[in-house]
Every structure is written in C-alpha cells, then in structure tokens.
Amino acid sequence: MTEPIVLLDPTSERSGAMRSRTAAPASLEGLTVGLLDISKGRGDKFLDRMEVLFGERGITVERFAKPTFAKKAPDDLAAAIAERCDIVVEALAD
Amino acid sequence: MHLPEEGLILVVKHDCETCRMIAPLAADLERRGLLRVVFSQDDPAFPPGLQVADDRELEASWTLQTEIVPTLLRREGGRETARVVGWHRQEWQALTGLNDIGGDLPPERPGCGSLSVSPGMAEELQVRYGSTGLGAREIAVDFPEDPFEQMFDRGWTDGLPVVPPTPARVLRMLQGTRREPDDILGMIPPSGEVCTVEKAAINAVMAGCRPDYFPVVLAALDAALDPDFALQGLMSTTMGAGICIIVNGPIARRIGVNSGFNALGHGFRANATIARALQLMVINIGGAVPGGMDRSTMGHPGKFGLCFAEDESDPDWTPLAQSRGVPAGHSAVTVFGFCGTSINNAEKAREPVELSRQIGLCLNAVYHPGLAGGGLGAVLVLSGEYGRIYREAGWPRAQVEAAIHKATERPRNHLIADYMGDEAIGEPGEAIAKFAEGDLLVVRAGSNAGLFSTIIHGWSSGPRGSQPVTREVLP
C-alpha cells in the first residue's frame with residue numbers, strides 16, 4: 001500500500017557494557033581506603049570525619065582530590081587510586 | 001530499466017516547450033533507425049507516435065545524470081560518447097551525423113530543468129537507485145506504523161516531535177558542509193560516545209535544521225566539546241544546565257538567526273533548530289537523558305535549546321566574537337552553559353552610570369546574592385534601548401563592561417564568603433565584584449523598544465567549571 005519509511009539511527013548505536021559491582025569486602029582489616037574529594041563545597045569536611053573514624057579503627061587511609069567536580073577525574077588520578085587503594089569513598093557534598 | 005549499448009538516447013518531458021518543439025524531430029530520428037529509446041519523464045504518451053520508455057520514476061534520467069531536457073546522447077560499446085542538451089541545430093546535426101535536420105526550427109533554444117534534479121529529488125533518487133555512502137543503521141517503519149510515534153518510543157526526542165531522519169534528508173543536510181560524513185567530531189559526554197558528521201547531520205535533520213544551518217551546528221558542537229566548556233559537568237549537574245549559542249557575523253543574517261524581536265524566544269526556525277540540534281546530540285549520542293545521566297533536579301525551559309544572534313547594527317559596538325579574538329567579518333559561535341534566564345527592568349535609568357548601577361544590582365542575583373568573587377558566570381543581554389543609552393554617551397564595549405563589573409561590587413562581609421571553598425577573598429568590608437574577569441559576557445540583542453536587559457545565568461564558571469568557548473564557523 002505504502003512503502004516503508006526508512007529512518008537513520010541518531011544514536012551512537014552502542015549500548016554501554018554492564019559490569020557487575022565488586023563485592024564489598026567482609027572486613028576492612030589490612031585494606032587501604034581511598035578518600036576522594038571531588039572538590040564540591042564541604043566535601044572535605046565529610047572526608048575529614050571519615051578519616052578520623054577509619055583511623056580510630058586502625059584502617060589505613062589515603063586522601064585524593066579531583067581538581068574540580070565539573071570535569072572527569074584525570075586518568076593519572078584514577079590510576080593512582082586504583083594502584084594504591086582497595087576501596088574508595090567518594091564524597092559528593094554541598 | 002535497460003539502456004541500449006549502441007545508438008542515440010533522448011530524454012524529454014512533456015512540460016517543456018523545447019521538448020515539444022523537437023518532438024517531430026524525434027519521430028524523424030526514429031524512422032531513420034537512429035533513435036534507440038526515448039525516455040519521457042512526465043508523460044508516457046509523449047512524444048506522440050513514438051515507442052516511449054516511461055521514466056516517471058526517473059531511474060533512467062538519474063542514471064544518465066540528466067540535468068536538462070531535452071538531452072540527446074550517443075552510446076557506443078556501452079559508454080556515452082557524446083551529449084547535447086537543449087536544442088542547438090549544429091550540435092544536433094554533429095551528434096546525429098545528419099546535416100538536414102531541424103532546418104525549420106530556430107537555430108537554438110535552451111532546454112528545461114530535468115525532473116531528476118528538481119529541488120530535493122536528486123537525494124531521493126540517489127537513495128533509490130544509487131549508493132548513499134551513509135553508515136548509520138537503517139530502521140524501516142512499515143505502513144501504517146507512524147514514524148513519529150516510533151521515534152518517541154525509541155527515546156530519540158526531547159519530548160517534542162522530530163523530523164524523520166530519512167536517508168534523503170540526511171544527504172541534503174550533508175550538502176551543508178564540506179566535511180566528510182565519516183569525519184569524527186569528538187566524543188560527546190556524559191557517555192563519551194563518538195559523534196561523526198553523519199550522526200550530527202541525522203540529529204540536525206530531526207531538530208528541523210536547514211542544510212545551510214549545519215556549519216553553525218558543527219561549530220557549536222566543536223565549541224561545546226572543548227574541555228574548557230566542561231560539557232560532562234553541564235550535562236550531568238543537578239543544577240540543570242543547557243547550552244546557549246550566540247551567533248556573530250555575516251552567517252547570522254544569511255541564514256536568518258534572529259537578533260531582534262523575541263530574539264531569545266520562539267518564532268524563528270534558525271534560532272530554534274540550531275540550538276535543538278545540539279541538545280538532541282547530547283541526548284541521543286551523549287546519553288544525557290533526564291533521570292539517567294542528566295541529573296537535573298528541575299531543569300529549565302532553555303534545556304530545549306537557546307540560540308540567538310547578536311545585534312551588530314551599531315557600528316560603534318564591538319560584537320562579542322570580535323571581543324574574543326575573531327577577526328571582523330568572520331562568523332563565529334560562542335557557547336555558554338546556562339541554568340535559566342531572568343529579565344530585568346531599569347526604566348527609570350536614563351544615563352549610563354545609573355543604568356550600569358541598576359544592572360549591577362540585578363546581576364547580584366545570579367546563583368545567589370551572597371556569592372561573588374569568581375566561580376560564577378552570566379551573559380548580560382542589553383536591549384536596543386540600553387544600547388542606545390550607552391551609544392549616545394559614547395561608551396564603547398570595554399567601558400560598559402568595566403562599569404557594570406564595578407557596579408556588582410559588594411562588601412565582603414555581606415557575602416557567604418566560605419561557600420565556594422573557604423578561600424579568603426579579601427578583608428571584611430573590602431569591595432568584591434560578582435564576576436572574575438572573562439566570566440561576564442555582554443551582548444546586544446532584542447528589539448529597539450523596551451528598557452530591559454536579560455541575564456542568562458551561568459553554571460559554575462572559571463577554570464574549575466564551564467568557560468565560554470568561541471569558534472569560527474567554517475564551511
């Protein structure tokens with residue numbers, strides 16, 4: 001009756017790979033926890049408190065900060081966190 | 001469709017005076033056994049008395065690359081060896097080898113346009129009979145399914161209907177640029193997926209752009225992908241940011257980007273669709289879907305897109321693009337990440353000092369009246385009447401900007417000084433201006449009636465946020 005209309009796909013034609021979440025460790029003993037400040041206002045205050053609480057439990061902590069929350073973390077920063085930490089706490093605050 | 005390997009081929013249409021004039025001649029050539037086939041574009045009964053090949057589908061006309069009718073051509077060994085367009089007695093005689101034809105006709109007469117090259121037809125025929133060279137996935141929507149509903153269902157829209165991106169429309173959009181369809185323009189956040197010229201063209205078609213808008217769309221995308229613009233943050237912020245595009249230079253007038261009445265509003269195709277094209281790319285390729293990677297708490301109407309031209313009618317006013325380094329006479333776009341607009345009224349101000357003071361007061365509302373000292377951005381749009389006040393006082397751009405900048409100053413102890421990171425930004429009581437250098441853009445737009453300015457409110461600005469980016473518009 002009427003020819004089909006052909007549309008061109010406006011998307012990237014790719015769907016993101018689904019990765020399963022890493023299982024939470026049963027214990028933090030012996031692990032290094034990264035504290036990542038994304039540079040939002042007062043995020044550092046939250047992380048300061050976290051550092052104290054982890055310290056009281058004898059857990060090793062390393063501090064990191066993104067230059068700005070507005071942009072992706074630089075690759076070197078992401079690599080450093082991955083190399084030196086077992087888990088990371090990222091502070092999104094305001 | 002069959003093309004003879006040898007002999008003469010004629011392409012005509014009834015709706016062409018020259019074709020009707022040479023019709024008896026075609027019959028003569030057929031009687032002499034020279035004319036192998038006549039393709040008629042609009043009437044299989046024309047020319048009368050001949051065996052005519054019906055070419056209303058224009059396959060032969062397209063295959064023979066016919067631009068004018070009548071076209072008479074000779075093929076030998078399956079290849080074209082000679083062609084005459086229109087009527088020219090000597091050329092027809094040379095091509096046919098007959099010195100006695102057309103003596104009763106005028107010496108020459110121009111032909112008419114072939115239906116195969118009528119506006120929009122060439123791309124339709126290329127899709128039907130040729131190769132488009134396009135790489136995007138094709139999705140066939142069978143009758144009676146509605147393609148508009150399909151596009152909604154697939155999540156390809158901003159909530160309003162979009163133009164179906166058929167291969168022919170996309171080919172026409174690609175005519176608007178010299179760039180190749182598979183050129184990579186960059187990776188669009190938040191997803192970071194690759195955008196090619198072809199994908200940009202598809203989204204521009206859907207937005208409703210004309211092909212001559214496409215260079216502006218590409219320049220705006222290039223500007224938005226500059227790392228300084230921080231599109232990743234803009235498209236995922238809870239604050240809800242859109243992209244404002246300000247067009248400068250001759251292309252604005254050429255394609256009709258409005259800078260006058262309702263410049264920031266509706267009613268003008270170039271304004272509405274250029275902005276929308278960029279927004280659709282961010283949705284469809286960047287994946288900035290509300291509630292998904294677009295985390296806008298509320299959003300604002302400008303997230304459908306905002307594009308306008310600066311009013312460059314005042315020769316004493318330096319246009320924005322020139323103030324940012326683009327040579328005069330060149331066209332450019334400036335992109336600015338924004339979170340809404342507000343209109344301000346200073347009708348009692350009649351001279352530039354008081355006008356600047358009132359504008360400064362209004363600008364203090366950007367983001368929060370208690371925030372100043374940088375990290376904030378805005379575009380201030382001055383109407384024609386405001387422009388007149390400054391012009392009559394002889395104030396050039398730099399003086400206007402400096403006065404307004406100064407007028408935003410507030411004592412530090414009136415500010416929420418620690419909000420932006422606890423940095424000491426001065427002694428208590430010290431005057432702090434609202435914006436850091438480069439974070440307030442001043443442009444002229446709107447009609448010449450009305451003492452208004454509009455503030456386009458920015459997002460987080462400066463090196464830690466989104467900075468305005470200017471790009472020249474290239475063919």
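**Exercise 1. Describe how helices α7 and α8 of chain B pack together, starting with the handedness of their crossing.**

*Solution.* Let's begin with the handedness: α7(B) passes α8(B) in a right-handed crossing. Keep in mind that we are working with a predicted model.

Next, find the two helices. Helix α7 of chain B covers residues 197–207, and helix α8 of chain B covers residues 214–224. Their axes come within 11 Å and cross at roughly 120°.

Now name the arrangement. An angle over 145 degrees would count as roughly antiparallel, and 65 to 115 as roughly perpendicular. The crossing is at roughly 120°, and α7(B) and α8(B) are therefore oblique to each other.

Then look at who touches whom. From α7(B) come B:Ala200, B:Ala201 and B:Ala204, while α8(B) brings B:Phe214, B:Val217, B:Leu218 and B:Leu221.

Finally, sort these residues by class: the contact of α7(B) with α8(B) has seven nonpolar residues, no polar ones and no charged ones.

**Exercise 2. Work out whether chain B is spread out or a compact globule.**

*Solution.* Start with the inventory: chain B contains 15 helices and 21 strands.

Now compare two values. For 475 residues the globule rule gives 23 Å, but the radius of gyration of chain B is 30 Å, well over that, so chain B is more spread out than a compact globule.

Along the principal axes, the C-alpha atoms of chain B fill a box of roughly 105 × 50 × 35 Å.

**Exercise 3. Find what percentage of the residues of chain B count as buried.**

*Solution.* A residue is buried if 20 or more other C-beta atoms lie within 10 Å of its own. Of the 475 residues of chain B, 48% count as buried.

Definitions and conventions. Residues numbered from 1 in each chain as written. Chains lettered and ligands numbered in written order. Predicted model: local features only at pLDDT ≥ 70, side-chain atom pairs only at ≥ 80, totals over all residues. Axes fitted to C-alpha atoms, helices over the stretch in contact; angles between N-to-C directions. Helix = DSSP H or I, 4+ residues; strand = E, 2+ residues; numbered from the N terminus. Parallel < 35°, antiparallel > 145°, perpendicular 65-115°, else oblique. Left-handed = near helix turned anticlockwise from the far one by under 90°. Contact = placed C-beta atoms within 7 Å. Nonpolar A, V, L, I, M, F, W, Y, C, P; charged D, E, K, R; others polar. Rg over C-alpha atoms; globule rule 2.2 N^0.38 Å. Buried ≥ 20, exposed ≤ 12 C-beta atoms within 10 Å, placed from the backbone.
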